[in-house]
Number of protein chains: 2
Amino acid sequence: MAKKTSDAGGGRSQAVHRALKRAIIDQALPPGSKLPEDSIGERLGVSRTLVREALVRLSQEGLVELRPNKGAAVARPSLEEGRNLFLTRMALERLVVETLSGNLTREQIDTLSAHIAGEEAARTEHAASIRLAGEFHTLLAQMTNNASLIRYVNELVARSSLILALYGRPHSSECAVSEHRELLDKLIAGKTDEAAALMAHHLDSITARALLPTENSIQDVLATYAVAEGLA
Amino acid sequence: MAKKTSDAGGGRSQAVHRALKRAIIDQALPPGSKLPEDSIGERLGVSRTLVREALVRLSQEGLVELRPNKGAAVARPSLEEGRNLFLTRMALERLVVETLSGNLTREQIDTLSAHIAGEEAARTEHAASIRLAGEFHTLLAQMTNNASLIRYVNELVARSSLILALYGRPHSSECAVSEHRELLDKLIAGKTDEAAALMAHHLDSITARALLPTENSIQDVLATYAVAEGLA
DNA sequence: AATTCTATTATTGTATGCAATCTATGGCTA
DNA sequence: TAGCCATAGATTGCATACAATAATAGAATT
């Protein structure tokens, strides 16, 4: 009972969706890229109909922007959206941590440990490194067996890559791998609060590495320059 | 520069989406209802194409299930999904409360207060009562100005109505209006922790009113009957 | 009567076509 | 040369057509 094509499960529209999503996350399609239905369909060997469907899905996930009559483009979230996104991630990933703390099975621990090892191995390859770092978070979410939680964490992690692409510092290892290992240790030990704190710190430092200006008011912005000029 | 029709903003597909969503939330289309593309399109005066697009959106929001080659139907979340959903809601609405506490503007306070008054007024009308209770939560989320947070809370609140429809006790006022007022008071006073606790309790009681069996294992289930039979 | 097989019908999956809208190019005026 | 308008080309919005799959009903067999 072999499959017709390499359909990879569940309709060709989903395949288009996955292909585009992957391309966006890998930053092969950087934020702002126009996404014309025709060319995409031609390239992927499907009609505009299916491309359209995929684009609708992606827009619902916040990865593409769908401007009526003007076509789709890879989303370019603002700095403020970025900050809010990480705030929301924080809230959800805290729930992940609380759910998992002290409840990891031997098998899950092995999976996570292996993944972290993979991250360490790929430390030099910038692209893979980013992807793996994100996957660690989605992997954790997966283990909660909470469908909505999984979906939202997945979405937010995906969108985070857009933020990083737009505002991230170029040469930063986006997620400190050592922090992943520490987090895993706390989770195994069931030290919920410490794990939560670690996750908070972890996401904070990602945010800091990207969304530099946490200060919002002119006051704060100027303060930086005032100090630099000895005017404080 | 009048609009062609009563398009209500942003493409007719969105209109279809809104119509179906509304119908689902109002339980005019109860969980499990089949959603054939052409009957819907015929009824709404659009082609299958647009209905399809709307169904894809709804499926992404978890309101409809999209079974390949077998058509769409209003989602029937399981009890466990329901429990998980409220867990996720909890995490997000805590962030809402923390964000808003002590930061409500005079105008926002008035809006919320008026809404609660409306809830009190509609206490007898079962259908409107449910809708308004949900809208209170989405209204709060709205005020955070956090786009992802708003989207997720909206989704979860909408899906909650499915859970309530499936598992809710018939004659319960789904949200205790008085709790909404109390919550608002705490938010105004900036008593963040108390507000968060109140929100937690509030959502807990909704959960309890619906998802009665929190027990999960056969052990727990049997325990109930054991006690009843004096076998404890 | 129950059951399986088959033919028919209904419904979804996908491509394509036409009208509406946007975008870009080039000429025109100042 | 700079700015503006018009026209041509490209792209989206939507409907429809056809193919593929599932659902249904009826007949034939046991």
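Me: What counts as buried here?

Reply: A residue is buried if 20 or more other C-beta atoms, placed from the backbone, lie within 10 Å of its own. This is a predicted model, where local features need pLDDT of at least 70, side-chain atom pairs count only at 80 or more, and totals for chains, interfaces and linings use all residues. Residues are numbered from 1 along each chain as written, with chains lettered from A and ligands numbered from 1 in written order.

Me: OK, which residues of α8(B) are buried?

Reply: Val177(B), His180(B), Leu183(B), Leu184(B), Lys186(B) and Leu187(B). Helices are DSSP runs of H or I, at least four residues, numbered from the N terminus.

Me: And what do those pack against?

Reply: They pack against α4 (79–100), α5 (106–121), α6 (126–142) and α9 (192–210), again in chain B.

Me: How far apart are the end C-alpha atoms of α8(B)?

Reply: They are 19 Å apart, which agrees with the 18 Å that 13 residues should span at 1.5 Å a residue, the expected span being 1.5 Å times one less than the number of residues. Gly190(B) follows the helix and has a positive phi, near 75 degrees.

Me: How many residues of chain A are in contact with chain B?

Reply: 22, and they meet 22 residues of chain B (contact is C-beta atoms within 7 Å). On the chain A side, α4(A) gives the most, with nine residues.

Notes:
Helix = DSSP H or I, 4+ residues; strand = E, 2+ residues; numbered from the N terminus. Buried ≥ 20, exposed ≤ 12 C-beta atoms within 10 Å, placed from the backbone. Contact = placed C-beta atoms within 7 Å.
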